[in-house]
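Please consult the sequence and the coordinates shown here.

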Amino acid sequence: MRLFLLSLFIATSAAVASASDLHVGAATVDITPDRPVALDGQMHVRISEKPETHIYVTALGLESREGDRVLDQAIMISCDIVAIREGLIKLVREKARDKLPGFDLNKLFLNATHTHTAPVTMKGDRYSLLGKNVMLPMEYTDFLVDRIVAAAAQSWEQRKPAKAGWGQGQAVIAQNRRATYADGSAKMYGPTNVPEFRGIEGYEDHNLEVLFFWDLNNKLIATAVNVPCPSQEVEGLKVIHADFWDPVRRQLRERHGKDLHILAWTGAGGDQVPRPMYGKAADERMRRLRGLTRLEEVARRVVRGWEEAYEGAKLEPVTGAVLQHQTKKIDLPWRKVTEKELADAQKAVEQYKDDPKEQWKYLWNQGVVDRYEAEKSGKAGVFQMELHALRLGDVAIATNEFELFTDYGVQMKARSPAVQTFLIQLTGSGGYLPTPRAVAGGSYSAIIQSSRVGPEGGQALVDETVKAFNDLWPAPETTKAGK
């Protein structure tokens, strides 16, 4: 009987995984500005001097059908920017309304690669901008929205019957960037070669999750690459740069076709960086021996992991992989501001309020004061997040709006019912979401100024995400013994 039930479950799963026709389209559109812009991601103003590389948006349109009946849809768009700032997705959906007839715009989402060498978007009021020839943030945002919508429309118009596949490789990209010390404190990018250093704070996820899409002639048309680390290799430069995604794209296209569309999905990596916190001399020596820059070394690892995944996935392409896409708003509690955190923020507000060059820090701290006052007046409410959860064959995909610390992502993956799970962060601009251990250690990325939602909300996010996965994988019905 146990063997019969197992066989029934496997047969049912296989049927669900290929019960419909999957139509796929993809498009890549250049979003490089033609004038200097303010660059996002740092606390001080940087004006771009030139485009060192091009930056892009890449759209993937998916639709499952049973005959002429549409079963479900998704348009997923990766963007070479630091974050999806508040209001951007609303502008995109409004602009796309006439361009995507028959498509449910609530099933379109954006994600950011978190490159720190891309333009400021939306109002950009944390930056005091100077210079006559600088493209202002809202001007660039209008330019960006037009191109995002163009990519979405192209991907949707070009969708055709296709095959899907999924695979996993390994790539040492993500390295936890928070050092811990003997006194219980922690520091992002803290020194590790000092006597008081005690260890690296959290886990690192070196799994590389990859999706592949082929047309019915077995031509690879698109791939989605899920790296649990933000693209912050060249974050301090004053140029436009796609960071490590630029050499990754170039190398993959050299091997698999110049028209390959490559979605860049950043996994749960709020406490990660693609650079070592220790062992730097050995890392530099090996790069010198290989004749590689840091960008090239990171790309080498990603591409090697991608090829490992491809070797397996191409042996098992799926025609008609089921697509299910759920969207819902979830309410997460705000992280509460303590009296000490309030006092520290008020002190910083007084320090920076009259200095235009420190506008970022002034507003960063003023936000904490405003939150405290909202809490005390009973008007704080909740942080509402749009969650997308998808099933594609044996694969689960979920989004979040944060720089999500890796431990939360590990929980989601470990509890997922799927064969393979993809997590996409920065589909909004929710800030860092630190773990309890990180909050206890303090420092940038874990302090109240960095974090609107804290560990309580992080655990709620995990639970809501896992619940959404389980809804997509209902438990199989079993027959009574002897029946």
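This is a predicted model: local features need pLDDT of at least 70, side-chain atom pairs count only at pLDDT 80 or more; totals for chains, interfaces and linings use all residues.

Residues are numbered from 1 along each chain as its sequence is written, and side-chain values use heavy atoms, with hydrogens and water left out.

**Strand pairing**

Helices (H or I, at least four residues) and strands (E, at least two) are DSSP runs numbered from the N terminus. Two strands pair if DSSP finds at least two bridges between them. Strands of a sheet pair through backbone hydrogen bonds, in either a parallel or an antiparallel sense. The table lists pairs of strands with their bridges.

| Strand pair | Bridges | Sense |
|---|---|---|
| β1 and β2 | 10 bridges | antiparallel |
| β1 and β5 | 2 bridges | antiparallel |
| β5 and β10 | 9 bridges | antiparallel |
| β10 and β11 | 6 bridges | antiparallel |
| β17 and β19 | 5 bridges | parallel |

Strand β1 (residues 21–30) is mostly covered, with 7 of its 10 residues buried; buried means under 20% relative accessible area, exposed over 50% and partly exposed in between (1.4 Å probe, protein chains only).

**Two residues with positive phi**

Most residues other than glycine have a negative phi. Asn 218 has a positive phi near 70° and lies in the loop between β10 (207–215) and β11 (220–227). These two strands form a hairpin with 4 residues between them, and Asn 218 is in the turn.

Met 122 also is not a glycine, and its phi is positive at about 60°. The loop that holds Met 122 runs between β4 (108–112) and α3 (137–157). Met 122 counts as buried because its relative accessibility is 13%.

**An open sheet and its helix**

Four strands form an open sheet of mixed pairing in the order β15-β16-β17-β19. At its edges are β15 (323–332) and β19 (420–424), each of which pairs on one side only. On average, neighbouring strands of this sheet are turned by 15° against each other, direction ignored. Axes are lines fitted to C-alpha atoms, for helices over the stretch in contact, and angles run from 0 to 180 degrees between N-to-C directions.

Helix α11 (residues 455–472) packs on the sheet and touches β15, β16 (383–392), β17 and β19; contact means heavy atoms within 4.5 Å. The direction of α11 makes about 155° with that of β15.

**The cavity**

How many cavities of 30 Å³ or more does a search of the whole structure find? The search finds 1. On a 1 Å grid over the protein atoms alone, a cavity is a set of points where a 1.4 Å probe fits but cannot get out, and lining residues have an atom within 4 Å of a point. Grid points are joined across faces, edges and corners, and a volume is the space filled by probe spheres set on the points. The largest cavity holds about 60 Å³ of space.

Its lining includes Asp 205, Asn 226, Lys 413 and Leu 423. Helix α9 (residues 406–415) supplies the largest share of this lining, 4 residues.

Conventions: On a 1 Å grid over the protein atoms alone, a cavity is a set of points where a 1.4 Å probe fits but cannot get out, and a pocket is an open set with protein on both sides within 12 Å along at least five of seven lines; lining residues have an atom within 4 Å of a point.
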